[in-house]
Amino acid sequence: MTTRVWDYLAEYGAERADLLDAVETVFNSGQLVLGASLRGFESEFAAYHGVGHCAGLDNGTNAIKLALQALGVGPGDEVITVSNTAAPTVVAIDGTGATPVFVDVREEDFLMDTGLVEAAITERTKCLLPVHLYGQCVDMAPLKALAAKHGLSLLEDCAQAHGARQNGTIAGTFGDAAAFSFYPTKVLGAYGDGGAAITSDEAVDRRLRRLRYYGMEERYYTVETPAHNSRLDEVQAEILRRKLKRLDAYTAGRRAVAERYVEGLGDTDLKLPKTTPGNEHVYYVYVVRHPRRDEIIERLKAYDIHLNISYPWPVHTMTGFAHLGYEKGSLPVTEKLATEIFSLPMYPALSPDLQDKVVHAVREVLSSL
């Protein structure tokens, strides 16, 4: 049996009746766009985070882009973020007309090195955009202090951190707003694309809702600021409502998988994920590290185990962002990690037997290097 880093079929089998009922609920509602399912999900997702507002959006990339725009970011501005992230983080910044500015990450947890941020702030800096990568939070206290000191907006990229916490505070509630993706692989995943932005600022939420609806209010009438159609689909919203009730159970399942990896691989020379003190990790992906990464991945194919790398190409090295002028060696930790990190299978429905297969194969490959 082929083993990959993610497989939704076991989860679907367990939840099929509820998911199909979600579809039936929408189809029988008489409202296929901006209906009761979307309103219900927005209310429940906001309540889960203890904030006042949630705008359901069509994907995580637009969640970041529209949140930035709602915070006033636009052409001529700079947004400080990291290069060790999924490209959509940076694509979204570029989509506003602003310029992404990168700082390096910490070697121990792969997260933004907040000690480097203040030196990157210029008179053009408008927003700080930390990425809560792989399932745990960036150190937020110094970023909040810097945002207050320099009059900057603070937007959290929570695409990989649904339900993660830092010192008891849930991801997405540290800053002015937060963006989420519900891509199927996520901790809270839809059965297709989806996203959302949350905030406690009513004015920001109002701007978000206009931006997702051509620049109009919630009815087809008059454009205030030209924008695009970025609404969350009603069917996906109803599916997410059902799955939101199981989010904490999904997280518990992921943590159980992580514990079994520690038991099975903790005595090898594979560097396992480190949870930063104060963080509650949700393990969106289980990213490990080894200097002979490429060889390990290739040898595991003989066991019918096919793994991913998150991420093999730092964004600042991509052709599409060459105009930013970052040369090789400009972000040394990010560039080093890109040659060593890879992901082991991680999802709540990963069975102990299948995980044992992975552990056994990894141990055999490591012993043969």
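Tutor: A polar contact is a pair of N or O atoms within 3.5 Å; within protein, one must be able to donate a hydrogen and the other to accept it, and residues adjacent in sequence count only if both atoms are side-chain atoms. The model is predicted, so local features need pLDDT of at least 70, side-chain atom pairs count only at pLDDT 80 or more, and totals for chains, interfaces and linings use all residues. Residues are numbered from 1 along each chain as its sequence is written, and side-chain values use heavy atoms, without hydrogens and water.

Start at glutamate 42. It sits in helix 2, residues 36-49 (helices are DSSP runs of H or I, at least four residues, numbered from the N terminus). Its side chain makes a polar contact with the side chain of arginine 212, at 2.7 Å. Beyond neighbours within four places in sequence, glutamate 42 is in contact (heavy atoms within 4.5 Å) with Cys54, Ala55, Gly56, Arg209 and Arg212. Glutamate 42 counts as buried because its relative accessibility is 6%; buried means under 20% relative accessible area, with a 1.4 Å probe and protein chains only.

At its N-terminal end, asparagine 59 is the cap. A side-chain oxygen of asparagine 59 lies 3.1 Å from the backbone nitrogen of threonine 61. Among the buried ones are Asn62, Ile64, Lys65 and Leu68. After helix 3 comes glycine 72, with a positive phi near 95°.

Definitions and conventions:
Buried < 20%, exposed > 50% of the residue type's maximum accessible area, 1.4 Å probe, protein only. Helix = DSSP H or I, 4+ residues; strand = E, 2+ residues; numbered from the N terminus.
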